[in-house]
Amino acid sequence: VAIGVWNNKRYWKRLAYNKESSGDRTMANISPENILEILKMNNMEQKAIYSEHDKNMISGLRRLGLGVSLANKSINAGIMYVNEQENYYEASDMIMKNEITKYQFQTIGEVILNTPVDGNDHLMNAGRYAIFSDKFR
């Protein structure tokens with residue numbers, strides 16, 4: 001996911017994730033070289049990059065000359081910060097729209113917790129990692 005920033009507006013763009021064609025583990029077999037190619041196609045190879053946790057991916061991307069930082073994965077603070085922003089995505093992106101529609105929080109009875117339900121959250125998590133991590137850059 002790429003995030004464009006202008007004031008408190010965040011513009012989300014899905015770059016590589018396609019759940020319909022490859023299942024839940026979409027990024028499991030992607031290489032640092034694939035990511036560099038995707039970034040170059042979108043003129044983004046010089047932008048800040050945050051990685052979830054994969055040390056091999058981080059070292060591979062750094063070996064290719066990309067500046068990569070470990071993402072801040074704070075759930076509650078990250079969700080609160082993202083919700084403080086105006087968030088937009090391409091109207092034609094049905095995969096992003098579908099995930100946003102299915103994104104839900106855990107509940108106990110009638111109480112809604114600030115913890116997302118696992119699944120249908122890969123794009124949302126990636127965007128949260130990028131937006132919240134960039135706050136501390």
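This is a predicted model: local features need pLDDT of at least 70, side-chain atom pairs count only at pLDDT 80 or more; totals for chains, interfaces and linings use all residues.
A crossing of two helices counts as right-handed if the near helix is turned clockwise from the far one by less than a right angle.

**View 1. Helices α2 and α3 cross in a right-handed way.** Here α2 (residues 32-41) packs against α3 (residues 55-63) at an angle of about 55 degrees, and their axes are 9 Å apart.

**View 2. A look at who touches whom between α2 and α3.** On the α2 side, the contact uses Pro-32, Glu-33 and Ile-35. From α3 come Met-57, Gly-60, Leu-61 and Arg-63. Sorted by class, this contact has four nonpolar residues, two charged ones and one polar one.

**View 3. Three strands make an open sheet in the order β1-β2-β5.** The pairing is mixed. Strands β1 (2-6) and β5 (86-89) sit at the edges with a single partner strand each, so one side of each has no neighbour in the sheet. On average, neighbouring strands here are turned by 25 degrees against each other, ignoring direction.

**View 4. Zooming in on β2 and β5, which run parallel.** Four bridges join β5 to β2 (residues 9-13). Which residue of β5 is the bridge partner of Trp-12? That would be Tyr-89.

**View 5. Helix α6 packs on the sheet.** Spanning residues 122-135, α6 touches β1, β2 and β5. The direction of α6 makes about 135 degrees with that of β2.

Terms used. Residues are numbered from 1 along each chain as its sequence is written. Side-chain values use heavy atoms; hydrogens and water are left out. Two strands pair if DSSP finds at least two bridges between them. Helices (H or I, at least four residues) and strands (E, at least two) are DSSP runs, numbered from the N terminus. Axes are lines fitted to C-alpha atoms, for helices over the stretch in contact, and angles run from 0 to 180 degrees between N-to-C directions. Contact means heavy atoms within 4.5 Å. Ala, Val, Leu, Ile, Met, Phe, Trp, Tyr, Cys and Pro count as nonpolar, Asp, Glu, Lys and Arg as charged, and the others, Gly among them, as polar.
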